[in-house]
Amino acid sequence: MDRKMAVNVENLIKTFNQQEVIKSCNMSVRRNSVYGFLGANGAGKTTVFKLLIGLLSPTAGRIEVLGMDSFKYREKLLRNIGSMIETPVFYEHLSCKANLEIHLSYMGMKDGNIDSVLKDVGLNVTGDKPVSQFSMGMRKRLGIARAIVHKPKILILDEPTNGLDPLGIRDMRSLFRSLADNNNMTILLSSHILSEVEHIADTIGVIADGTVVEEVDLNTIKNKYPDGLENYFFHVLRGK
Ligand SMILES: Nc1ncnc2c1ncn2[C@@H]1O[C@H](COP(=O)(O)OP(=O)(O)OP(=O)(O)O)[C@@H](O)[C@H]1O
């Protein structure tokens, strides 16, 4: 595997009930980059993410994350991956701080930077409030905090800003950029908010009907589509 790559996927196939939902899919993500993963509803983004973190096993093909087979070495990779996929599940009766403490101990880490991470995601004022009393946006923020608190090398976020208020969206944007630029993290994120992805990503991957059809540097897209990512996306999906 190319050492510059954090993720390398070759000829990946995933079937559910004999139906192929991921089809001969190839994908490569450069280390320390922010990879914006785009695709229509049902195209396969979440399924690919679950395969990358070893939550699903591939039907065929190869997935290497940090040079390791993601399913075979999922225990070893766990500590190096942070993820938020679908609705995060928490200990509802506990505070956000207690939830992060449990997560860190699960990861075998004693010293975390819980207070500063809670500040980063804007949850530093919630005190002892149990998660059961959190709003949807607060849960999303806590999901992001849990994904980053153990300082993973790779961060995989499925629609991380969906449900956040405008300030939260802006804060997360600068948090993600800083994690990639200053903390050597590689970030893969999916979003339907193209203007958001445009602000954060270095590379765009587009998945259509279970296979990645394009992987392009955002700068290349900006040169070709100065009016924005939306035009590029429609062009790829509809050939317009
Ligand atoms: N456990 C499952 N069993 C059967 N089919 C599944 C399962 N999980 C996903 N699928 C199917 O796989 C396809 C891809 O779903 P996936 O959730 O990966 O899409 P997505 O790109 O994340 O969509 P969205 O943008 O709507 O979140 C869909 O057709 C979905 O119905």
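In this predicted model, the largest nonpolar core has 48 residues, and those with the most contacts inside it are Phe176, Ile187, Ile204 and Leu229. Because domain 1 (5-80 + 154-239) and domain 2 (87-151) both give residues to this core, it lies between them. Apart from this core lies another one, made up of 29 residues, among them Ile22, Phe37, Leu52 and Ile156. As a general background, nonpolar side chains tend to be buried together in soluble globular proteins.

Isoleucine 204, one of the residues with the most contacts inside the largest core, touches a set of residues that includes Gly36, Leu38, Val197, Val216, Leu229 and Tyr232, when residues up to four places away in sequence are not counted.

Strand β9 covers residues 203-208, and five of its six residues are buried, so the strand is largely enclosed by the rest of the structure. The table lists the two strands that pair with β9 in the pairings described here.

| Partner of β9 | Residues | Sense | Bridges |
|---|---|---|---|
| β3 | 34-38 | parallel | four |
| β10 | 211-217 | antiparallel | six |

Glycine 205 takes part on both sides: this glycine is the bridge partner of phenylalanine 37, and it also stands opposite glutamate 215 in β10. Phenylalanine 37 in turn is among the residues of the core of 29 residues. Between β9 and β10 the hairpin has two residues, and in this hairpin aspartate 209 takes a positive phi near 50°.

Notes. Residues are numbered from 1 along each chain as its sequence is written. This is a predicted model: local features need pLDDT of at least 70, side-chain atom pairs count only at pLDDT 80 or more; totals for chains, interfaces and linings use all residues. Side-chain values use heavy atoms; hydrogens and water are left out. Buried means under 20% relative accessible area, exposed over 50%, partly exposed in between (1.4 Å probe, protein chains only). Two strands pair if DSSP finds at least two bridges between them. A nonpolar core is a set of buried Ala, Val, Leu, Ile, Met, Phe, Trp, Tyr and Cys residues joined through side-chain atoms within 4.5 Å. Domain bounds come from an automatic or database domain assignment. Contact means heavy atoms within 4.5 Å.
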